[in-house]
Amino acid sequence: MAELILTRNFHRPDSHALRLYQETGGYEGLQRVLALPPVTIIETVKKSNLRGLGGAGFPTGVKWGFIPKGHPGPVYLVINADEGEPGTFKDRYLLERDPHALIEGMIVSAYAIGSHLAFVYIRGEYVQPWRRFARAVEEAYAAGFLGRNILGSGFDLDVVVHRGAGAYICGEETGLISSLEGKKGWPKLKPPFPAIRGAFDAPTIVNNVETICHVPHIVQRGAEWFAALGTATQGGTRMYSVSGHIRQPGVYELPVSVTLRALIYEHAGGLPDGRRLKAVVPGGSSAPILRADEIEVAMDVDGLKNAGTMAGSAGVIVMDETVSIPEALMVVARFYAHESCGQCTPCRESTGWIFKMAQRIVEGKGRKEDLDTILDVARRGAGTTICAFYDGAVGPYISYIEKFRDEFEALIPK
Amino acid sequence: MRAPAGVKVQFTGGQLQEVRRLQALYPDKRAALLPVLQLAQAAFGYISLEAEEYVAGLFDLSPAHVHEVVTFYTLFFREPKGRHVVSVCHNLTCHLLGARRVLAYLKERLGVEVGGTTPDGKVTLLSVECLCACEMAPMMQVDDRYEGHLTPELVDRILEGLG
Ligand SMILES: Cc1cc2nc3c(=O)[nH]c(=O)nc-3n(C[C@H](O)[C@H](O)[C@H](O)COP(=O)(O)O)c2cc1C
Ligand code: SF4
Ligand code: FES
């Protein structure tokens, strides 16, 4: 078994407590880290090959480097804890079971980018995780890990815990910023990127919970150690959320080079009742689907990209031979139709129409031309919208139909 | 959730103090709109047009802006809801593992459609997108809690436990 880093304490009932976090090495190296030049931390994170674990897989150190040098005004760190990608639940585990890991990661990251005010945007439905995390923030203030002059370093950091109110699109970083500012969660056209002009018009770094939890370990144990855990282009382990037709659903922390086959059959126990695999969604619902004969693939960002899909949020949804793929597409299409924010015409219109078409196909009322219409509409809209939400919808539309076309055709009256 | 419908749209002194504390947390006080609306919903039961106007006044925002925000998010209720809210996840993993049966069972037990509230005002039933607890599919949210691995027996027990 590979070493567990982020999840090492998850089996302990008191894993969320400050005392336990400290007993297992937490906050121990913080004083030393806060004496390093911030640029050294950014360079270390760059060399570690840490890539964002929220969905896009962007190199974290490179993103931090985009903050304008010597910026005179405030800089903000925003933690994306709006976890909403269907099939994903890892950030919920981190918030509930190791909140201090996120707090320590925020202290190191904020110090590296020169931020003194950080926000944690937690999805509104996550009430228990929010309570746990907010309690940990109080503990951290009381112990002198947050606030003024942290551990005598001269570095100040305040943390504001902010709750969302139910909208998947607020997980998209510019939508999240709009929402944090007290508006509806409409994404914004990039550029400018948040690192140049983000929350409250100030340079802002948005990172996922899990990404930031890795940072203290990287700074303590070195970029080489972290990079060596992964592949040539992505360092470390990550937390795979595995659900669906699987014996042991749950979160699995594994090196990013693990294959989808090993994840399903060796780690998560394979399928129940000896049933056969039909398809897998490897990276949250927006990732194109893979057939059972396509699972001999490494789960890192580039491995899955080369296989025509994406690592996304690492939410793995397993489907056995009994699943109707057209029905699955209908469910997924309903989600995108419901969650489109409505700003862009291709996204607003296509998500609605494609859901209706998928629905009528499932009901046996499809028309011969429907499948090609969906493919055509999906392909033409891709890449034309303000945010990547629509591209995320297009992935399943196209892949479900292309890979399981017979099944769709069988439902359409001749 | 606690306040009955028709409650006076007016924060207490303590609540107003909390509004000011929240507003001071952000570089721009308007960023406290979501938390203050959450406070308003807890105090008044739901966000009526009157409540939107009241909250707008606390922020020097137009009621139209507040309305736009309230209607954008699924967790704000614009009509009185039941004392409890039961939200069944109908996204992919829950669907694969029987969400439709769970929803059908709840509709029958409660005698309401999705979006409806039982005549005694006890439960509002909703179906929602992924709550990101797919490892316990099929699952639902009952007020603040997540309940998973649902079976008819478990659903019965959960409903009986609601006051
Ligand atoms: C539609 C959409 C939804 C997203 N949802 C999330 C989310 O729930 N959590 C998250 O961390 N990132 C989400 N992202 C990615 C964010 O935009 C952003 O890339 C990420 O938070 C950056 O953090 P990272 O570099 O640490 O991954 C989403 C992106 C899109 C386009
Ligand atoms: S692509 Fe869709 S979700 Fe993104 S901004 Fe446009 S309409 Fe909104
Ligand atoms: S699909 Fe139901 S919790 Fe994710």
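How do α2(B) and α3(B) lie relative to each other? Before I get to that, some housekeeping. This is a predicted model, where local features need pLDDT of at least 70, side-chain atom pairs count only at pLDDT 80 or more, and totals for chains, interfaces and linings use all residues. Residues are numbered from 1 along each chain as its sequence is written, chains are lettered from A and ligands numbered from 1 in the order in which they are written, and side-chain values use heavy atoms, with hydrogens and water left out.

Okay, back to the two helices. Helix α2 of chain B covers residues 33-44 and helix α3 of chain B covers residues 49-59. Helices here are DSSP runs of H or I with at least four residues, strands are runs of E with at least two, and both are numbered from the N terminus. The axes of α2(B) and α3(B) come within 11 Å and cross at roughly 140°. Those axes are lines fitted to C-alpha atoms, for helices over the stretch in contact, and the angles run from 0 to 180 degrees between N-to-C directions. So the answer is that α2(B) and α3(B) are oblique to each other. On the wording: under 35 degrees counts as roughly parallel, over 145 as roughly antiparallel, 65 to 115 as roughly perpendicular, and the rest as oblique.

Who makes the contact? From α2(B) you have B:L33, B:V36, B:L37, B:A40 and B:F44, and from α3(B) there's B:A51, B:Y54, B:V55 and B:F59. Contact means heavy atoms within 4.5 Å. Sorted by class, that's nine nonpolar residues, no polar and no charged. Nonpolar takes in Ala, Val, Leu, Ile, Met, Phe, Trp, Tyr, Cys and Pro, charged is Asp, Glu, Lys and Arg, and the others, Gly among them, are polar.

Now α3(B) has another partner, helix α1 of chain B, residues 13-24. Their axes come within 11 Å and cross at roughly 55°, which makes α1(B) oblique to α3(B). This crossing is right-handed. Here B:L16, B:V19 and B:Q23 of α1(B) meet B:Y54, B:L58 and B:F59 of α3(B), giving five nonpolar residues, one polar and no charged.

From the N terminus, the order is α-α-α-α-β-α-α-β-β-β-α. Its C-alpha atoms fill a box of roughly 50 × 35 × 25 Å along the principal axes.

Over in chain A, helix α3 (residues 38-47) packs against helix α6 (residues 99-113) at about 115°, with the axes 7 Å apart. That makes α3(A) roughly perpendicular to α6(A), and the crossing is left-handed. A:P38, A:I41 and A:I42 meet A:V108, A:Y111 and A:A112, which comes out as six nonpolar, no polar and no charged.

So how do the chains meet? 57 residues of chain A are in contact with 38 residues of chain B. The area buried between them is about 3,700 Å², with carbon and sulfur atoms giving 62%. Buried area here is the accessible area, with a 1.4 Å probe, that two parts lose on being put together, summed over both. On the chain A side, A:E125, A:A165 and A:K184 lose the most area to chain B, together 16% of what that side buries.

Next, salt bridges, meaning a side-chain nitrogen of Lys or Arg within 4 Å of a carboxyl oxygen of Asp or Glu. Four of them cross the interface of chain A and chain B. B:E135 and A:R92 meet in a salt bridge at 2.6 Å, N to O. Over all chains, the whole structure has 42. One I like is A:R276 with A:E321, closest N and O atoms 3.7 Å apart. A:R276 sits in the loop between α11 and β7 of chain A and A:E321 in the loop between β9 (315-320) and α13 (325-339), so the pair ties together parts that are 45 residues apart in sequence.

Most residues other than glycine have a negative phi, and most peptide bonds are trans. The bond from A:P191 to A:P192 is cis, omega near 5°, and A:P192 is in the loop between α8 (173-180) and β4 (204-208) of chain A. B:A137 and B:P138 are joined by a cis bond as well, omega about -5°. And A:D273 has a positive phi, near 55°, in the loop between α11 (260-267) and β7 (277-281) of chain A.

Conventions: A crossing is left-handed if the near helix is turned anticlockwise from the far one by less than a right angle, and right-handed if clockwise.
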